[in-house]
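Me: Got a model up on my screen and I'd like to talk through its side-chain contacts. Can you start with the terms?

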Amino acid sequence: MAEQSLKDKKVSSGLFTNKLGLLAISLLPVWLVLFVKDVDIPIYLGQDWQFVGWGRLLNFRNIVAATSFVMTLNGIASLLQLLHRTEGTPDGLTTAISIVGNRNYDYVNTLATIVTLLGVILVPVDTLRGFLIFAILMILIIVCYMKTNLYYCNPIFAALGFRVYTVNGKGLQEESIAIYRGALQNHRGVRFYHISDNVYFLI
């Protein structure tokens, strides 16, 4: 019983890590805009330079910029890790899939959401009130992404030529979300890699 509980915790942890990585990838444009907008580090290269002090650097804008920088690195690392994983051992044998539906419209919906977000994140964070409003909005956005599985609708994947389908197949959960590079053909034999929940990469 204890071993099963430990195994379940590891699986849950892995699913959360995958979701967080895909979320970071999905919102890469947002993290980049936030970093460029809010980073506030005075730079002077003259010989009489001096350190401005931690009080000048540890402000609300730099906290947002630092968080955005970390998430940008996380997004890039997660994207490289995800692409590298598809070159390794698949989670199952080759299986023939049947296409239930095309979900490429999810990319457009998510892109529209990100464009809306870019307007929301222009909220000034120079004051405590502005910072709290921004933090609440971002927490709500992240929770919605994680709870609704929108993390897989990734415009970055669309730019790389990936398409999203709903499929059935042996070894897959019923009506799984499949991310495939190129046009997927019905009843084609593919190998799959589990990302999280009912989301898979197919090759």
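This is a predicted model: local features need pLDDT of at least 70, side-chain atom pairs count only at pLDDT 80 or more; totals for chains, interfaces and linings use all residues.

Me: OK, how many salt bridges does the count come to?

Reply: Two salt bridges, taking one as a side-chain nitrogen of Lys or Arg within 4 Å of a carboxyl oxygen of Asp or Glu. One of them joins the side chains of Lys-37 and Asp-38, at 2.8 Å from N to O.

Me: Is Asp-38 buried or exposed?

Reply: Asp-38 is buried, at 2% relative accessibility. Lys-37 is partly exposed at 24%.

Me: And which side chain does Arg-61 meet in a salt bridge?

Reply: That of Asp-126, with 3.9 Å from N to O. Asp-126 sits in the loop between helix H5 (105–120) and helix H6 (128–148), and Arg-61 in helix H4 (residues 60–85), so the pair ties together parts 65 residues apart in sequence. Helices here are DSSP runs of H or I with at least four residues, strands are runs of E with at least two, and both are numbered from the N terminus. Asp-126 is exposed at 52%, while Arg-61 is partly exposed at 24%.

Me: Switching to helix H2, which residues are buried there?

Reply: In H2 (residues 28–38) they are Leu-28, Val-30, Trp-31, Leu-34 and Asp-38. Looking down the axis of H2, they fall within an arc of 160° (taken from the directions from the helix axis to the C-beta atoms), so they line one face of the helix.

Me: Now rings. How many aromatic pairs are there?

Reply: Four aromatic pairs. Rings of Phe, Tyr and Trp (its six-membered ring) pair if their centres lie within 6.5 Å; planes under 30 degrees apart are stacked, over 60 edge-to-face, the rest tilted. Phe-35 and Phe-69 have ring centres 5.6 Å apart and planes at 35°, so that pair is tilted. Phe-35 is in helix H2 and Phe-69 in helix H4, 34 residues apart.

Me: What about the accessibility of Phe-69?

Reply: Phe-69 is partly exposed at 41%. Phe-35 is partly exposed too, at 28%.

Me: How are the rings of Phe-162 and Phe-201 arranged?

Reply: Their centres are 5.5 Å apart and their planes at 80°, so the pair is edge-to-face. Phe-162 lies in strand S2 (residues 162–169) and Phe-201 in strand S6 (residues 199–202). Both Phe-162 and Phe-201 are buried.

Definitions and conventions:
Residues are numbered from 1 along each chain as its sequence is written. Side-chain values use heavy atoms; hydrogens and water are left out. Buried means under 20% relative accessible area, exposed over 50%, partly exposed in between (1.4 Å probe, protein chains only).
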